[in-house]
Amino acid sequence: MLVRVNAAGTPWHEADLAACAALLLAAIMMPKAETAAGVAHAAKASGHPVLALIETVWGLRAIDAIAEAATRLAFGSIDFGSIDCAADIGADHVRESLLLARSLLVVASRPTDRPAPLDGVTDAINDAEALSGDCRHARALGMGGKLLIHPAQVPGARQAFAPGRR
């Protein structure tokens, strides 16, 4: 099991880390990861490995150091790029505008011997074709999996990222 804690700087972050310390978890997911020190603190305080969710330009600028401190990187593409949800860069949530960010996560993961990063969600919950296309795109860039927001997406993502698929 993995728990997504509240972001550093929120009133709930430290309490979340303390609560996770009492749980048997595979890891915690830290949203809006922006510094290696913050990721290292979350790991120490929770006692668990940290999946660092990169959702801001600040996190992307510190990506190499964050990759060293985290167990794995993940891309919060909607918060990073979509103008529909007060996102960080104010770009459309389309492949072209997010290509650099995705590529930097892949490149930062390799020299640290971390697993390939996880791609952001596909918000079209009931669109298997959109999910399949997003999974193919993510794999083509070197991503190793995908974050999901609905159980209906599990079979499609599992198939797309099965060993030997390309």
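Which residues point one way from S3, and which the other way? In this predicted model, Val50, Ala52 and Ile54 point one way from S3, whereas Leu51 and Leu53 point the other way, and all are buried.

**View 1. Strand S3 and its side chains.** In a regular strand the side chains alternate between the two faces of the sheet. Strand S3 covers residues 50-54, and five of its five residues are buried, so the strand is largely enclosed by the rest of the structure.

**View 2. Pairing of S2 with S3.** Strand S2, which spans residues 27-30, runs parallel to S3 and is joined to it by three bridges. Within this pairing, Ile28 has Val50 of S3 as its bridge partner.

**View 3. Pairing of S3 with S4.** Strand S4, made of residues 72-75, pairs with S3 in the parallel sense, and four bridges connect the two strands. Here Leu53 stands opposite Ala74 of S4.

**View 4. Packing of helices H1 and H2.** Two packed helices are described by the angle between their axes and the distance between the axes. For H1 (residues 13-21) and H2 (residues 36-46), the angle is about 45° and the axes lie 7 Å apart; the two helices are therefore oblique to each other. Glu14, Leu17, Cys20 and Ala21 form the H1 side of the contact, while His41, Ala42, Ala45 and Ser46 form the H2 side. Classified by residue type, the contact of H1 with H2 comprises five nonpolar, two polar and one charged residues.

Notes:
Residues are numbered from 1 along each chain as its sequence is written. This is a predicted model: local features need pLDDT of at least 70, side-chain atom pairs count only at pLDDT 80 or more; totals for chains, interfaces and linings use all residues. Side-chain values use heavy atoms; hydrogens and water are left out. Axes are lines fitted to C-alpha atoms, for helices over the stretch in contact, and angles run from 0 to 180 degrees between N-to-C directions. Angles under 35 degrees count as roughly parallel, over 145 as roughly antiparallel, 65 to 115 as roughly perpendicular and the rest as oblique. Contact means heavy atoms within 4.5 Å. Ala, Val, Leu, Ile, Met, Phe, Trp, Tyr, Cys and Pro count as nonpolar, Asp, Glu, Lys and Arg as charged, and the others, Gly among them, as polar. Buried means under 20% relative accessible area, exposed over 50%, partly exposed in between (1.4 Å probe, protein chains only). Two strands pair if DSSP finds at least two bridges between them.
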